[in-house]
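I hope they are handy while you look through it.

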Amino acid sequence: MEFTETAAREAAVIDAELMAKGDPINMMDVLIAGVARNVDMPLLARDGDFEKVAELNVEYYAATDCEPTD
């Protein structure tokens with residue numbers, strides 16, 4: 001998926017929402033969430049930080065060779 005101007009704007013909204021709640025996540029995750037939320041598609045992840053993003057459809061998986069991250 002492309003990182004478009006619209007996705008960048010969505011990422012900025014997500015970052016502002018998280019900062020307002022006092023619960024920020026790392027910027028790379030914000031950018032990834034912006035792309036996923038912008039196109040309204042599920043995000044496949046192991047990273048629990050995505051749970052903090054409102055209106056983001058996240059599907060989690062567990063790798064068999066390592067521990068999931070929080």
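1. The chain exposes about 4,700 Å², and carbon and sulfur atoms supply 53% of that area. Accessible areas come from the Shrake-Rupley method with a 1.4 Å probe, and for residues only the protein chains shown count as cover. Buried residues make up 29% of the 70 residues in the chain; buried means under 20% relative accessible area, exposed over 50%, and partly exposed in between (1.4 Å probe, protein chains only).

2. A word on the basis of these notes. This is a predicted model, in which local features need pLDDT of at least 70 and side-chain atom pairs count only at pLDDT 80 or more, while totals for chains, interfaces and linings use all residues. Residues are numbered from 1 along each chain as its sequence is written, and side-chain values use heavy atoms, with hydrogens and water left out.

3. On to the fold. The secondary structure comes to two helices and two strands, and from the N terminus on the elements run α-α-β-β. Helices (H or I, at least four residues) and strands (E, at least two) are DSSP runs, numbered from the N terminus. Taking the contacts with a separation of 6 or more, residues 24 or more positions apart account for 29% of them; contact means heavy atoms within 4.5 Å.

4. Helix H2 deserves a look. H2 covers residues 27-39, which is 13 residues, and reaches 19 Å from its first C-alpha to its last, close to the 18 Å expected at 1.5 Å a residue. That expected span is 1.5 Å times one less than the number of residues. At the start of H2, a side-chain oxygen of Asn-26 comes to within 3.1 Å of the backbone nitrogen of Met-28. A polar contact is a pair of N or O atoms within 3.5 Å; within protein, one must be able to donate a hydrogen and the other to accept it, and residues adjacent in sequence count only if both atoms are side-chain atoms.

5. Asp-29 sits in helix H2. This residue is buried yet has no salt bridge, and the nearest side chain of opposite charge, Lys-52, is 8.6 Å away. Here Lys and Arg count as positive and Asp and Glu as negative; His and the chain ends are not counted. Beyond its neighbours within four places in sequence, Asp-29 is in contact with Asp-47, Asp-49 and Phe-50.

6. Now the salt bridges, of which the structure holds five. A salt bridge is a side-chain nitrogen of Lys or Arg within 4 Å of a carboxyl oxygen of Asp or Glu. One of them joins Arg-9 and Glu-5 (2.5 Å, N to O). Because they are four residues apart in helix H1, Arg-9 and Glu-5 are separated by about one helical turn. Arg-9 is exposed at 55% relative accessible area, and Glu-5 is exposed at 54%.

7. Arg-37 forms a salt bridge with Glu-10, with the closest N and O atoms 2.6 Å apart. The pair links distant parts of the chain, Arg-37 in helix H2 and Glu-10 in helix H1, 27 residues apart. Arg-37 counts as buried at 12% relative accessibility. Glu-10, Glu-17 and Arg-37 are linked in a network of salt bridges.

8. Asp-49 and Lys-52 also meet in a salt bridge (3.7 Å, N to O). Asp-49 is buried at 16% relative accessibility, whereas Lys-52 is partly exposed at 25%.

9. Val-53 lies in the loop between E1 and strand E2 (58-60) and is buried, with a relative accessible area of 5%. Leaving aside its neighbours within four places in sequence, Val-53 is in contact with Ile-14, Leu-18, Ile-25, Ala-33 and Arg-37.

10. Finally, some backbone angles to check. Most residues other than glycine have a negative phi. Asp-40, which follows H2, has a positive phi near 55°; Asp-40 is in the loop between H2 and E1 and is exposed at 68% relative accessibility. Glu-55 has a positive phi of about 60°, lies in the loop between E1 and E2, and is exposed at 75% relative accessibility.
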